[in-house]
Amino acid sequence: MGLLSKKDSKLILDPLADNNPITIQVLGICSALAITAELKASIVMAISVLFVMGVGNVVISMLRNVIPSKIRIIVQLVVVATLVIIVDLVLKAYAYELSKTLSVFVGLIITNCIIMGRFEAFALGNGLWRSFLDGIGNALGYGVILIIVGFFRELLGSGTLLGIPVLGDPIEKTGVYALGYENNGFMLLSPMALIVVGLIIWVQRSRNKALIED
Amino acid sequence: MEHVELFFKSIFIDNMVFATFLGMCSYLAVSKKVSTAIGLGAAVIFVLGITVPLNWLLDQYILQEGALAWLGPEFASYDLSFLSFIMFIATIATMVQLVEIVVEKFSPALYNSLGIFLPLIAVNCAILGGSLFMQSREIASLGLAFNYGVSSGIGWFLAILAIAAIREKIRYSSVPAPLRGLGITFIITGLMAIGFMSFGGMLTGGDDAVAKEDSAVEVKIEEEKENKTIADNTAQLIQ
């Protein structure tokens, strides 16, 4: 990474694994789990959050010397809400079906704690470029978990990826279905999202003992 | 009847935590002790009970398509619904500020124990989610909106109370080290959500529902078995 100094690339890479917003910081779970039954919705959600966090962190960082600290929460909410309205309108215009699937969860990006958390913890005290990198890094860390959960839930639940059947045809019994494999419809129900995230945390913490809670 | 139906539906079937994952952040962060969980749960019921009817009025008389007709016929064609996110969140942030002031004044102990989480209610997805679901489910009257707010708050309260009680007990069990804390909490919440799915047949009735209920009951029994083993482990350890 010639473009970024070592400190800057740490800002992007840290949230991807050892300081992941979902599995370590426990932020932003609210709007994350309900939409992960399909990979496509997960990806769109990840991109929306990437946009809101990147731009939002830059805006807050620009305003950081002007915002009176007493009303900073309202200012932050207004910035996020404006960005989310943009995302919502763009989705409604270009991906109407998908915006129906995501329903209120696009609006709930506003209250995604990850965004407010990064505004509070980072953008209010750091310069433009570093805040931008921090926003992108955390949104990527969030997106990675979302996409992993979406991948497994769609693959095991309906045997498709991005709507394309990859395991053969369940009715004509081709592919793995010929071997007696059945789709596990349970994966599509909401409780399984929680359990999949729990398993991801398990794997991550077994690999890195430093993260284990006592 | 309408009210009773909505009441039970929002508590059990559309439970905010188990069916729609709203308010998970504070649900996971504040559920280590039963006493703080009760405080936050009560705050959520209170804030939801105020903000949902308020936002219902906003939605009905300002934001919806044609809602401005009461100003005069020339306003009847306006559709301001794209502003609803920003209007809802502004109402919520104001109300939360108010609750914070009231709690600080009347119950300093609760204020101290909730610490930084009271301002976080403003960004609690459960609160905004309540208003957004109220809008998308087209709740019909102010009374029903109030009912919806309070009963989904109660649902959230029950969820956080249950998980806090389980987490207090599970501290004595030997959970695999990497699963301790967050990991096991996620999995328990998942199991509880499966349990709550069995309430799905409550309001439908009829033959179709019976078949569905059977499968749900089996899952529930499995979950109960699991809870029982956890309880047994705890008992052994204490002895």
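In the predicted model, the charged end of B:Arg137 sits over the ring of B:Phe133, at 4.4 Å from the ring centre (NZ of Lys or CZ of Arg within 6 Å of the ring centre and within 35 degrees of the ring normal). Because the model is predicted, local features need pLDDT of at least 70 and side-chain atom pairs count only at pLDDT 80 or more, while totals for chains, interfaces and linings use all residues. Residues are numbered from 1 along each chain as its sequence is written, chains are lettered from A in the order in which they are written, and side-chain values use heavy atoms, with hydrogens and water left out.

Eight aromatic pairs were counted over all chains (ring centres of Phe, Tyr or the six-membered ring of Trp within 6.5 Å; planes under 30 degrees apart are stacked, over 60 edge-to-face, the rest tilted). B:Phe7 and B:Phe8 form an edge-to-face pair, with 5.5 Å from centre to centre and 85 degrees between the planes. B:Phe7 is partly exposed because its relative accessibility is 28%, and B:Phe8 is likewise partly exposed at 34% (buried, under 20% relative accessible area; exposed, over 50%; partly exposed, in between; 1.4 Å probe, protein chains only). Both residues belong to one aromatic cluster together with B:Phe12, B:Phe18, B:Phe196 and B:Phe199.

On chain A, a nonpolar surface patch is formed by A:Leu13, A:Leu16, A:Leu140, A:Val144, A:Ile148, A:Phe151, A:Phe152 and A:Leu156, with about 570 Å² of accessible area together (nonpolar side chains joined within 5 Å, each residue with over 30% relative accessible area and no salt bridge). A:Leu13 is partly exposed, since its relative accessibility is 45%.

Definitions and conventions
Patches are made of residues with over 30% relative accessible area and no salt bridge: like charges are joined within 9 Å, nonpolar side chains (Val, Leu, Ile, Met, Phe, Trp, Tyr) within 5 Å. Accessible areas come from the Shrake-Rupley method with a 1.4 Å probe; for residues, only the protein chains shown count as cover. A salt bridge is a side-chain nitrogen of Lys or Arg within 4 Å of a carboxyl oxygen of Asp or Glu.
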